[in-house]
Amino acid sequence: LDAPRPSRQRPVATHRTTPAVDRPISKMYTAVCALAATVVLSGTGADAAQLPDASSLASFTYIPFTNGGYSGTIPTEYGTLSKIEYGFQVGGNELTGTVPTELGKLTKLDQHSSVELYGNLLTSELPSEIGKLVKVAYSFKFYSNKFCGQVPTEIMALSSGVADGWQVTTGNKFGSLCCETLPSTHTCAPTPLPTVELKPSARPSPLPTLSRSPSSVPSPLPSSMPTSPRPTGVPSPRPSSSPLPTGMPVPLPSSIPTSPQPTSATNAPTDSPSTPSPTLPPTPPPTLLPTTTCDRGMYLDDGSCSSCEPGRYSNTTHPPWPTTCLECPRGEIAASAGSSGCRPCEGGEFASDDRTSCGACAAGTYVNVTASSWEFSDRQR
């Protein structure tokens, strides 16, 4: 079933109450999309709350599955839907897994279309292939998921072309390593820190080797002198003379071993190993560890952790701890203090200005579904 193309004019968000007769073409388009989704889902097992197969959506020009209670993953075959040009909207569900790289092939999405995957349980890093959707200019929303790592530069380059509705980083964990936020599916690479610890142990090794040079000096001195022929040759030709020859060889060998030269050499190697320099480097690292840990739903306030106020949230799980809490997006609330996330308002409701409660639309008014996001539900009543 090929839904008729809607008006190419971009819808404008206003603060006025929208009468029920406004935008008849958009209402007809929404009704046709809902009817088409009903026909498709009736034959593809809608009771399982899974997104329909791509084969049943081959003629669709718009994916209208926002706030449909769907779970499971986004089929990679959705990237082959070549007729999609008016929008790809699966926000406000409970979809899990990663964003398929194949969605970058939906290049027929133009400046009047939107790409919205907000309010799900999608994880891992955003694929850079999404940056190929360069024509999308109406809305681009990936907030309130579990994305981690860094936002690809190809995706950040699209922000300048989206006039309204650019929300990517809010409610996610960008800037954090995926192996820290998702340890069950990601593994951190080993750090090179253990190789640094080998440096202090290598310093003392050359010092003891220096003691070998002075130890070789005193060994030949006492051994060579007593064996020299000089003392033995002098007294032999004059045995009957005065005792002068007998006194001459006595002081020669006795004076050399008692010389202070060997003692000075033996003191040199004892001073080198006693230097305390190798024991100094390992002492400073323990002072770098954090001393305060804040749970989710809290922020760091003057050295201690405090709970977020109603209407605000914090989902940080590792330092540096935030010093303020984030305000819930429009269309979502946090009714109690210490919230780690926000929940969207139900159909026919809009969020209060302080994001603490949802209120029903007044009689004769309705939430403008053409905005395609509960983000605007508290402004278009």
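This is a predicted model: local features need pLDDT of at least 70, side-chain atom pairs count only at pLDDT 80 or more; totals for chains, interfaces and linings use all residues.
1. Disulfide count and pairing. The model holds six disulfides. With the bonded cysteines of the protein chain numbered in sequence order, the pairing reads 1-2, 3-4, 5-6, 7-8, 9-10, 11-12.

2. C179 and C188. These two cysteines are joined by a disulfide, with 1.6 Å between the sulfur atoms. The S-S torsion of C179 and C188 is about 80°, so this disulfide is right-handed. As for burial, C179 has a relative accessibility of 14% and counts as buried, whereas C188 is partly exposed at 38%. The cut-off that matters here is 20% relative accessible area, under which a residue is called buried.

3. C308 and C325. The S to S distance in this disulfide is 2.0 Å. The torsion about the S-S bond of C308 and C325 is about -75°, which means that the disulfide is left-handed. C308 sits in the loop between β12 (304-307) and β13 (312-313), and C325 in the loop between β13 and β14 (326-327), so the bond ties together parts 17 residues apart in sequence. Both C308 and C325 are buried.

4. C328 and C342. A disulfide links C328 and C342, the sulfur atoms being 2.0 Å apart. The S-S torsion of this pair is about -80°, so the disulfide is left-handed. C328 belongs to the loop between β14 and β15 (332-333), while C342 belongs to the loop between β15 and β16 (343-344); the pair therefore ties together parts that are 14 residues apart in sequence. The relative accessible area of C328 is 2%, and C328 is buried. C342, with 21%, is partly exposed.

5. The cut-off for a disulfide is a pair of cysteine sulfur atoms within 2.5 Å.

6. The five-stranded sheet. Five strands make an open sheet with parallel pairing, in the order β1-β3-β5-β7-β9. Its edges are β1 (63-64) and β9 (166-167), each of which pairs on one side only. Between β1 and strand β3 (residues 88-89) there are two bridges, in the parallel sense. In this pairing P64 stands opposite Q89 of β3.

7. The three-stranded sheet. A further open sheet has three strands in the order β6-β8-β10, again with parallel pairing. The edge strands are β6 (123-124) and β10 (173-174), which each pair on one side only. β6 and β8 pair in the parallel sense over two bridges, and S124 has F147 of β8 as its bridge partner. On the other pairing, strand β8 (residues 146-149) and β10 are also joined in the parallel sense by two bridges; there G149 is partnered by F174 in β10.

8. The β11-β12 hairpin. Strand β11 (residues 298-301) pairs with β12 in the antiparallel sense over four bridges. L300 stands opposite C305 of β12. The two strands form a hairpin with two residues between them, and D302 in the turn has a positive phi of about 55°. C308, described in point 3, lies in the loop between β12 and β13.

9. E332. Leaving aside residues up to four places away in sequence, E332 touches Y143, S144, C342, R343, P344, A351 and R355. Among these contacts is C342, the disulfide partner of C328.

Conventions. Residues are numbered from 1 along each chain as its sequence is written. Side-chain values use heavy atoms; hydrogens and water are left out. Buried means under 20% relative accessible area, exposed over 50%, partly exposed in between (1.4 Å probe, protein chains only). Two strands pair if DSSP finds at least two bridges between them. Contact means heavy atoms within 4.5 Å.
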